[in-house]
Amino acid sequence: MKKLEDKSGLSLLSSDLSSPDIFISDLHLCASRPQITAAFLHFLKNTAINANAVYILGDLFEYWAGDDDVEDAHHQAIIADFRALADTSVKIYFMHGNRDFLIAEGFCNAAKITLLHDPTLINLHGKKALLSHGDDLCTDDVAYQTFRRQVRDPQWQADFLGQPLQSRKHQIEAIRTRSEQEKSQKSMQIMDVNQDTVTALLMAYDYPDLLIHGHTHRPNQHHIQLNGHNITRWVLGDWYEQGSYLVCDRNGCKSVGL
Ligand code: LP5
Ligand code: MN
């Protein structure tokens with residue numbers, strides 16, 4: 001895979017025209033919801049296996065406290081099935097979400113997954129598709145964006161990762177509680193993408209045909225007309241109640257429920 005160095009670099013990832021590409025996000029896998037993990041592992045073995053590539057656009061895990069947690073039994077089961085899928089030559093790409101941005105080389109190498117920058121532009125069966133987790137687009141959520149800047153700071157991350165794993169998990173649980181409290185006070189509009197931010201991103205990436213993201217848990221297909229360009233914004237669904245994925249081939253994209 002070549003790394004995207006500039007905004008015109010459409011050569012980054014190219015889809016194999018004969019097989020579909022699959023996009024998922026917001027699975028929030030954790031040991032306390034074993035039925036979702038089982039559904040996901042079934043999906044890897046029975047659906048993803050027929051794809052050219054699987055793109056996981058963030059929040060694969062409920063949270064990720066650091067790569068020293070790869071030894072956890074729940075994580076090992078997932079890693080084993082990713083490796084098995086990668087060994088069949090299905091490519092697996094992962095982009096950080098707001099829950100699992102501490103995933104690094106340790107997990108990716110163990111799982112045979114390639115980490116993607118947010119955002120990443122790909123050539124999707126001849127269409128330009130811009131991929132993102134989506135949290136960066138929620139700019140009306142000022143409290144979250146302040147929090148995001150803090151925890152994405154490399155020095156902050158180095159200090160955090162220098163603490164014992166159990167201590168990190170306790171701190172994350174405390175932030176989760178606070179996040180849930182604060183979310184209950186925020187309007188749905190504040191927690192959605194900001195249209196001006198979306199527009200600026202689409203223009204910065206020279207009007208891609210598609211923008212595919214998750215995070216908001218509001219699966220939908222939005223048609224955007226921007227300066228003479230027709231753009232589709234696909235929002236992926238979460239896996240809390242029922243798994244779903246977006247599948248794209250040379251005929252277009254469609255959302256599929258499990
Ligand atoms: O995830 P979701 O969809 O429920 O809510 C998000 C935003 N919340 C978060 C927080 C995460 O859920 C929990 C942390 C994940 C693990 C990260 C690991 C490493 C970090 C460890 C930190 C100790 O992302 C939520 C948005 C919502 O999406 C919709 O977009 O609204 O944002 C919040 O609720 C954030 C609050 O508004 C602000 C929280 C301030 C916390 C300040 C504590 C500062 C201390 C920092 C480090 C110790
Ligand atoms: Mn998210």
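Start by selecting residues 127–132 and 210–213: these are strands β6 and β7, which run parallel and are joined by 4 bridges. Strands here are DSSP E runs of at least two residues, helices are H or I runs of at least four, and both are numbered from the N terminus; two strands pair if DSSP finds at least two bridges between them. Now pick serine 132, whose bridge partner in β7 is histidine 213.

A word on ground rules: this is a predicted model, where local features need pLDDT of at least 70, side-chain atom pairs count only at pLDDT 80 or more, and totals for chains, interfaces and linings use all residues. Residues are numbered from 1 along each chain as its sequence is written, chains are lettered from A and ligands numbered from 1 in the order written, and side-chain values use heavy atoms, with hydrogens and water left out.

Zoom out to the open sheet of 5 strands, ordered β5-β6-β7-β9-β8 with mixed pairing. At its edges, β5 (120–124) and β8 (220–226) each pair on one side only.

Next, select 165–183, helix α6. Which of its residues are buried (under 20% relative accessible area, 1.4 Å probe, protein chains only; exposed is over 50%, partly exposed in between)? Show Leu165, Arg168, Lys169, Ile172 and Arg176. They pack against α5 (154–161), with contact meaning heavy atoms within 4.5 Å. Finish on the face turned away, with exposed His170, Arg178 and Gln181.

Terms used: The expected span of a helix is 1.5 Å times one less than its number of residues.
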